Amino acid sequence: MIVAIPYEVQEIVRNESSFTGKSIRRLIIEKLKGETAGKVCSRELLANLRKLDEIQRLPRNWNGNGASRIPKKLVNKAKSLVMSLETQPQVFPTANNSIQIEYDGSDGSYLEFQISKKKELEYYRVDKQGSEFSGSIPYSSYMVEKIVKEFNG
């Protein structure tokens, strides 16, 4: 059987393969098996998928300052990432044609990722002492999950 795999998924799998050392075939099988009913039925995940559908429907100038519509391809890229995360983030559209996912720590810490058309994700983090960090990482759910786990301690 031949299955068409979207380019964005191919990129994620290639990146994860280079970080984990697992074969691309093995990663694809793991991802296909990972789409379990329990994960799909998570309230937080369903809420984020609904929110991303709402973001997809935002009209041009949705913010009153001339913001463009968020492309469907970008929304699908965000859905793919959100579906792979154990801990669900808050999800927001941005005026710079990206989607932001973020986490607020109970200790005042903060973590956000910008999902855009780029092959990299921009991130920004504030730790509990108020120190700020930013940078970019390859677009990889593995890398995002690793940073989120470190953030959550």
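Okay, so a definition to start: helices (H or I, at least four residues) and strands (E, at least two) are DSSP runs, numbered from the N terminus. By that rule, glutamate 120 lies in strand E4, and we'll come back to that residue at the end.

Two bits of housekeeping. This is a predicted model, where local features need pLDDT of at least 70 and side-chain atom pairs count only at pLDDT 80 or more, while totals for chains, interfaces and linings use all residues. Residues are numbered from 1 along each chain as its sequence is written, and side-chain values use heavy atoms, with hydrogens and water left out.

Let's take the sheet. We've got 5 strands in an open sheet, ordered E1-E2-E3-E4-E5, with antiparallel pairing. Two strands count as paired if DSSP finds at least two bridges between them. At the edges sit strand E1 (90-94) and strand E5 (132-138), each pairing on one side only. On average, neighbouring strands here are turned by 20° against each other, direction ignored. For angles, axes are lines fitted to C-alpha atoms, for helices over the stretch in contact, and the values run from 0 to 180 degrees between N-to-C directions.

Going strand by strand: E1 and strand E2 (residues 98-104) pair antiparallel over 5 bridges, and proline 93 has isoleucine 99 in E2 as its bridge partner. Then 6 bridges join E2 to E3, again antiparallel, with glutamate 102 partnered by glutamate 112 in E3. The hairpin of E2 and E3 has 5 residues between the strands, and glycine 108 there takes a positive phi near 90°. Next, E3 and E4 pair in the antiparallel sense over 5 bridges, tyrosine 110 stands opposite valine 126 in E4, and the hairpin joining E3 to E4 goes through 4 residues.

Buried means under 20% relative accessible area, exposed over 50%, and partly exposed in between (1.4 Å probe, protein chains only). In a regular strand the side chains alternate between the two faces of the sheet. Here Tyr110, Glu112 and Gln114 point one way from E3, Leu111, Phe113 and Ile115 point the other way, and all are buried.

What packs on the sheet? Helix H5 (residues 72-84) does, touching E1, E2, strand E3 (110-115) and strand E4 (120-126), with its direction at about 25° to that of E2. Contact means heavy atoms within 4.5 Å. Helix H6 (residues 141-152) lies across E2, E3, E4 and E5, running at about 165° to E3.

The buried residues of H4 are Leu45, Asn48, Leu49, Leu52, Ile55 and Gln56. They cover an arc of only 115° around the axis, which puts them on the same side of H4; the arc is that of the directions from the helix axis to the C-beta atoms. Arg43 and Arg50 are exposed, on the face of H4 turned away from its buried side.

Back to glutamate 120, as promised. The residue is partly exposed, with a relative accessible area of 38%. Leaving aside neighbours within four places in sequence, glutamate 120 is in contact with Ser136, Ile137, Pro138 and Tyr139. And glycine 135, 15 residues apart from glutamate 120 in sequence, is 9.8 Å apart from it in space, C-alpha to C-alpha.
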